[in-house]
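Subject: Handover of a structure and notes on its contents

Dear colleague,

I am handing over to you the structure shown below. My notes on its contents follow it.

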Amino acid sequence: MTEVKAKDIVKPENLAYKKSKILTDNVMHYCPGCGHGTVHRVLAEVIEEEDLQSKTVGISPVGCSVLMYNYLDIDIQEAAHGRAPALATAVKRLLPDRFVFTYQGDGDLAAIGTAETIHTCNRGENILMIFINNGIYGMTGGQMAPTTLIGMKSSTSPYGRDVATMGSPIKMADIVALLPGTCYVTRQSVNTAAGVRKLKKALKKAVEYQRDKRGTCFIEIVSNCPSGWKMTPVESNKWMEENMFPFYPLGDIKVPKDS
Amino acid sequence: MAKIKGAVIIDTERCKGCEVCVVTCPTQTLALAVEVNGKGYHYSYAAFPETCIGCANCAVVCPDGVITVYKLKVE
Amino acid sequence: MEKELKLMKGNEALAEAAIRAGADGYFGYPITPQSEILEYLTEANPQATTGMVVLQAESEVAAINMVYGGAACGKKVMTSSSSPGISLKQEGITYIAGAELPCLIVNVVRGGPGLGTIQPAQSDYFQATKGGGHGDYHLLVLAPASVQEMADFVELSFDLAFKYRNPVMILSDGAIGQMMEKVYLKPQKKRSEEILPWATTGKPATRERNIITSLDLDPERQEKFNLKLVAKYREMAEKEVRFEEFQTDDAEYLFVAYGTSARICQKAIQLARAQGIKVGLLRPITLFPFPKKRLNELGSKVKGMLAVEMSAGQMVEDVMLSVNGKTRVSHYGRMGGMIATPEEVVENLKIFIKG
Ligand SMILES: Cc1ncc(C[n+]2csc(CCOP(=O)(O)OP(=O)(O)O)c2C)c(N)n1
Ligand code: SF4
Ligand code: SF4
Ligand code: SF4
Ligand SMILES: [Mg+2]
C-alpha cells in the first residue's frame, strides 16, 4: 500500500464534513463546549439540506441564545423573555407556508414563558419549538431554573435545590406531550456524535410534520452549561450523562400516530 | 483491502479548546495544543493525522463548527 | 362601492373598520369595556372573506407578542384591551417600539388603579403618552371623541404606524366604546400582498437576512438608535399634530379636553356662553404629539385654560408645559368611572375664573 499524504486526501471531491453555509462566519459568543453552538450548527444543516432558507422565520429567545441571529443566515425575530411562541403563532398564522421555529432556553420556555408554551402547544400551532434544557439560567450567571435537578447547586440554590421550598424540576416535554395539539415530542442531546445525528433526524421529521400541518413539534435538547455548572466542557458532558439523562431520559415521547 | 483514510482541517483561530472533539475521536487522532491561539485557547489539532479515518465525529460534535473533514478510500 | 351608514357601538365600529381597512391580524383577550371588539371580529370571521387572522390569545401578554411577531412580518396587525390589560401589554409595546415596528393598540380606558372599575376614565393618559413601558420611547396616540372617529382612526393609525414604523395607540374610553352613534363605514380595502423590504418573511437569495430586534449591546450604537427615535418623534411633532377648535375666536377662556371630556365641554360651552362667559375648546386629537404650539399661541390670547379630564390631572401637565406660564392653567376632573356633567364643568369654570 502506497503512503497517502494529507494533500491527497484534502481535495474537494473527498469532502466528508463542512459546516453549513447557513451558519455565518461570525464567531459565536458561547462559552467553550456549550451545546447551543452545536444545536445551531445542526439546525443550519437542516435548513440548508431542506432548502428552507427563503422560507424560514426563526424566533430567538432571551437567554444565552438571544444573539442567534448573528449565527444563522435566515430571517430572525428576537422575542421578549418567554414570548417566542406567541410571535411564532402570529408568524405562522399570517405566513402559513413558512417554516417557523422558536429556539428557547429552560428559563425562557419553562418559567417566564410557561403560559405561551402551553397554549401554543395546546392550539397545535404548526411550528417547531426547540428547547435547550441546561438546567440553569446560563445568561444571567447560573441561577436556578425550573429544570434544575433536585440537590443541584446554583447561584440561587447555593445549598442545592430543596424540593420543600423550591419545588421539583419540571419536565416540560412530558407536559406538552399530554396536549392534543402536539404531534411530535422528543428529547435529544448533542454531547456525542450519535446524539447529534439523531437530533438532525428529529429536526428533519419536524420539518416534514410542519409541512404536513400536523401540529406543534417540540424537540427538547438536554444540554450542558459548563460555565453555569462550573465544570470543564468534558466534565459537564459526563455530569450531564450521569445526572441529567436519568431524570430527563432521551428518546421520543410522542410521535404522530401513523408514523 | 480497502481502507478509509481521513484528514481534518481545523480552523485553529476559531477553536475554543473545549476538548469535546478530542474525547469524541474514536482513533485518538486529536489533541489540544500546548500553545494557545490568538484568543488564548489551547486549540485542537491532529496530533496523529495518520490514524484519522474521516468519520467526522469530531466535526459533528464541535460546537463552533471549526472542523472540516475529508476522507479517501485507498486500495 | 358607496360609503355605508350604520348605527353601531364605538367598539363594533372600530372592529368593522379594521376589517375594511384591510388589517391582516387581530390578537386580543377579553376585558370590559372592549370585549365587543374581539366578539365582533370572531363573529364576522374575516378569515373567510378578507383572510384577516383573528385570534383569542391566552393573555394580553401573549396577544401583544403575537402583534410583535405579525408586525415583524410587515403585516397590518392590531390588538385591543382596556387599562389592566394594557398594563400587561407594556412589555410587548416597548419591544415593538424598540424594534421599530408598526402596529395598532387600542385602549378603551376604564378607571383604576388596579382592577378599579369597568366604567369609563381617562386615567391612562400618562401611560399612553409618556411611553408606558421601560425605555425612552413614545407611541403616536390618537384620541377619538365619537363612534365615527373610532372607525376612521383605524386606517389612519395603520397609515401613521407604517409611515413612521412606530406603534400607534387609539386611546378611547368606555363611554365612546359603548355608545351607539351613526357611522359612515368606508368600503372594503384589499389586504396588501406587498412584502416589505425589512420584514422577516424568509430570506431570499437576493437580500441579506432581516433581523428584528430591540437589542444592541454596544452603548454607542444604542445611543445612536435612541437619537434616531428622538428624531422620529420630533418629525411626528412637526407633521402629525392634530386638534380641533371650537369657538376659540373670541374666547377669553379655554377648555382643553379630549375624547368624552371634549364632548362634555362642547355642551358646557353652550351653557357658559348663555351666561355670558366667552369660553372655547381645544380638543387634542393627537395626544402624542401634543398640540403644544397652538396652545402656546392661545396662551397669549386667553385669560386662562381649564383642562377637563376624567383623571386626577394628567393631560393638564402637557397644557402647562405648552403655555409655559403665559396664562393660568388649572384642572377639573372626575375619577373612578364618574363623568362630569356640563353644568358641573361650568360651575368649576366659574370658580377658576374667580381665581
Ligand atoms: C423580563 C425579563 N426578566 C429577566 C430577564 C433576565 N434574563 C435574561 S436571560 C434569563 C434566563 C435565561 O435562562 P435560559 O432561558 O435557561 O437560557 P440559557 O441562558 O440558559 O440558555 C433571564 C432571567 C430578562 N431579560 N427579561
Ligand atoms: S453560560 Fe452556559 S449556556 Fe450560556 S454560553 Fe456559557 S455555557 Fe452556554
Ligand atoms: S474524522 Fe474521525 S477519526 Fe478523524 S479526527 Fe475526526 S473523529 Fe477522529
Ligand atoms: S470541539 Fe471544536 S472548538 Fe472544541 S476543541 Fe475541538 S475543534 Fe476546538
Ligand atoms: Mg438554561
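How many salt bridges does the rule find across the interface of chain A and chain B? The rule finds zero there, a salt bridge being a side-chain nitrogen of Lys or Arg within 4 Å of a carboxyl oxygen of Asp or Glu.

Before the details, please note that this is a predicted model, in which local features need pLDDT of at least 70 and side-chain atom pairs count only at pLDDT 80 or more, while totals for chains, interfaces and linings use all residues. Residues are numbered from 1 along each chain as its sequence is written, chains are lettered from A and ligands numbered from 1 in the order in which they are written, and side-chain values use heavy atoms, with hydrogens and water left out.

The interface of chain A and chain B

Chain A contributes 35 residues to this contact and chain B contributes 33 residues, where contact means heavy atoms within 4.5 Å. About 2600 Å² is buried between the two chains, and carbon and sulfur atoms give 66% of that area. Buried area is the accessible area (1.4 Å probe) that two parts lose on being put together, summed over both.

Although salt bridges number zero here, the rule finds 11 residue pairs in polar contact, both residues being at pLDDT 80 or more. A polar contact is a pair of N or O atoms within 3.5 Å; within protein, one must be able to donate a hydrogen and the other to accept it, and residues adjacent in sequence count only if both atoms are side-chain atoms.

On the side of chain A that touches chain B, the elements giving two or more residues are α1 (6-9), β1 (15-17), α2 (35-49), α8 (193-211) and α10 (233-247) of chain A. Helices (H or I, at least four residues) and strands (E, at least two) are DSSP runs, numbered from the N terminus. By class, this side of chain A has 18 nonpolar, 10 polar and seven charged residues. Here Ala, Val, Leu, Ile, Met, Phe, Trp, Tyr, Cys and Pro count as nonpolar, Asp, Glu, Lys and Arg as charged, and the others, Gly among them, as polar.

Strand pairing also links the two chains: β1(A) and strand β4 (residues 67-74) of chain B run antiparallel and are joined by two bridges. Two strands pair if DSSP finds at least two bridges between them. Within β4(B), B:V69 stands opposite A:Y17.

The ligands beside chain B

Ligand 3 is surrounded by 14 residues, of which the closest are B:C25, B:C52, B:C55, B:A56 and B:C58; a residue is near a molecule if one of its heavy atoms lies within 4 Å of it. Ten of the class counts in that shell are nonpolar, four are polar and no residue is charged. Around ligand 4 the shell includes B:C15, B:C18, B:C21 and B:C62, together with B:K16 and B:E19. That shell divides into seven nonpolar, two polar and two charged residues.

The interface of chain C and chain A

This contact takes 34 residues from chain C and 37 residues from chain A. The buried area is about 2700 Å², with 60% from carbon and sulfur atoms. In chain C, the residues that lose the most area to chain A are C:E58, C:K203 and C:R209, together 23% of what that side buries.

Between these chains the count is four salt bridges. In one between A:D75 and C:R207, the closest N and O atoms are 2.7 Å apart. On the side of chain C that touches chain A, α3(C) gives the most, with eight residues.

Eight strands form an open sheet of mixed pairing, in the order β10(A)-β8(A)-β9(A)-β5(A)-β4(A)-β2(A)-β3(A)-β9(C). Its edge strands, β10 (251-254) of chain A and β9 of chain C, each pair on one side only. Strand β3 (residues 75-78) of chain A runs parallel to β9(C), with two bridges, and A:Q77 stands opposite C:I212. Strand β2 (residues 56-60) of chain A also pairs with β3(A), in the parallel sense over four bridges; there A:V57 has A:D75 as its bridge partner.

Local backbone features of chain C

The peptide bond from C:T32 to C:P33 is cis, with omega near 5°, and C:P33 lies in the loop between β2 and α2 (35-44) of chain C. Another cis peptide bond joins C:G112 and C:P113, with omega about 0°.

Kind regards
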